[in-house]
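Please keep the sequence and the coordinates at hand while reading.

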Amino acid sequence: KEHFVETFGAPTYTISTGRSGGAYTSLQIADAFPGLLDGVEIGATFPDALSIALSGLDARLLAHYFTAVDPAAFTDTQKVAISGYHGMKAFIDAANQAQRTDPVPGREDIPGYQSARWNGAVPEGLRYHPVKNPAGLRPTVFDAARTIYGVDPTTGAARRPYDNTGVQYGLLALQAGQITVRQFLDLNERIGGYDHDANFIAGRTTGDPVAIRRAYQSGLALGANGGLRSIPIVDNATSNEAGSY
């Protein structure tokens, strides 16, 4: 914007527009820098990349339980009720978003899962591998913002805000009578969590308090308490979004 002003003069209004990643970029920039933008026009809307990743991590844990821990425990209708998504496709799509947090290349997981995605311009020798190159670069939403989250001294990876300690998966489904008490207890006893390499572990995951604090301080988790409070937000949802998001 500074370059535009220096070249053409001050604009009457500055509007940011985008869909999906362009939507959360518009929202986060507008919120973090009050006065920079006079409005946002967005579609396929998400609040921020972190929120997508965190909900994806929960969904992937559920998908792992449903397919590997106890495949016969729930019907598809019950799985949807537990997940909170509109249907099985939406649930699996959400679970696949956890790939944004997975630094391990070539991981076999749920259909469509693509871990450790790199642009071809990045040399193989620079890319992280837990055995071949443990000091390599890690293509995750956490490590991309490691200068904000900070680095975990025990792992060398970015600190992670994800935490599922105490989460009661399927509570609403239980209260609605869609699953039994036994199903609810078994699910929450055995759903587990992740280590820093996105491997499944038996225990729940405890979020790094430094990362959690910095996610809110920096705007990586959209607060909407900055510049967004004073500008118009036009959410241009289309007909296909109404049925799929």
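In this predicted model, the largest nonpolar core has 33 residues. Those with the most contacts inside this core are Leu62, Phe66, Phe74, Ile82, Tyr149, Tyr169 and Leu187. At least two residues of the core are supplied by each of α3 (49-69), α5, α8 (181-190) and α9 (209-218). The largest share, eight residues, comes from α3. In soluble globular proteins, nonpolar side chains tend to be buried together.

When neighbours within four places in sequence are left aside, Leu187 is in contact with Leu62, Tyr65, Phe74, Ile82 and Tyr169.

The aromatic residues may be considered next. How many aromatic pairs does the structure hold? There are nine aromatic pairs. For Phe66 and Phe74, the ring centres are 5.6 Å apart and the planes meet at 75°; because planes over 60 degrees apart count as edge-to-face, the pair is assigned to that class. Phe66 counts as buried because its relative accessibility is 3%, and Phe74 counts as buried because its relative accessibility is 6%; the cut-off for this term is under 20%.

The rings of Phe142 and Tyr149 have centres 6.1 Å apart and planes at 70°, so this pair is likewise edge-to-face. Both of these residues are buried. Tyr149 is also listed among the residues with the most contacts inside the largest nonpolar core. Beyond individual pairs, Tyr65, Phe66, Phe74, Tyr85 and Phe91 are linked by ring pairs into a cluster.

Where is Thr140 placed? Thr140 is in the loop between α5 (88-96) and α6 (146-149). Is Thr140 buried or exposed? Thr140 counts as buried, because its relative accessibility is 4%. Once residues up to four places away in sequence are excluded, Thr140 touches Arg100, Thr101, Asp102, Pro103 and Arg160.

Definitions and conventions:
Residues are numbered from 1 along each chain as its sequence is written. This is a predicted model: local features need pLDDT of at least 70, side-chain atom pairs count only at pLDDT 80 or more; totals for chains, interfaces and linings use all residues. Side-chain values use heavy atoms; hydrogens and water are left out. Helices (H or I, at least four residues) and strands (E, at least two) are DSSP runs, numbered from the N terminus. Buried means under 20% relative accessible area, exposed over 50%, partly exposed in between (1.4 Å probe, protein chains only). Contact means heavy atoms within 4.5 Å. A nonpolar core is a set of buried Ala, Val, Leu, Ile, Met, Phe, Trp, Tyr and Cys residues joined through side-chain atoms within 4.5 Å. Rings of Phe, Tyr and Trp (its six-membered ring) pair if their centres lie within 6.5 Å; planes under 30 degrees apart count as stacked, over 60 as edge-to-face and the rest as tilted.
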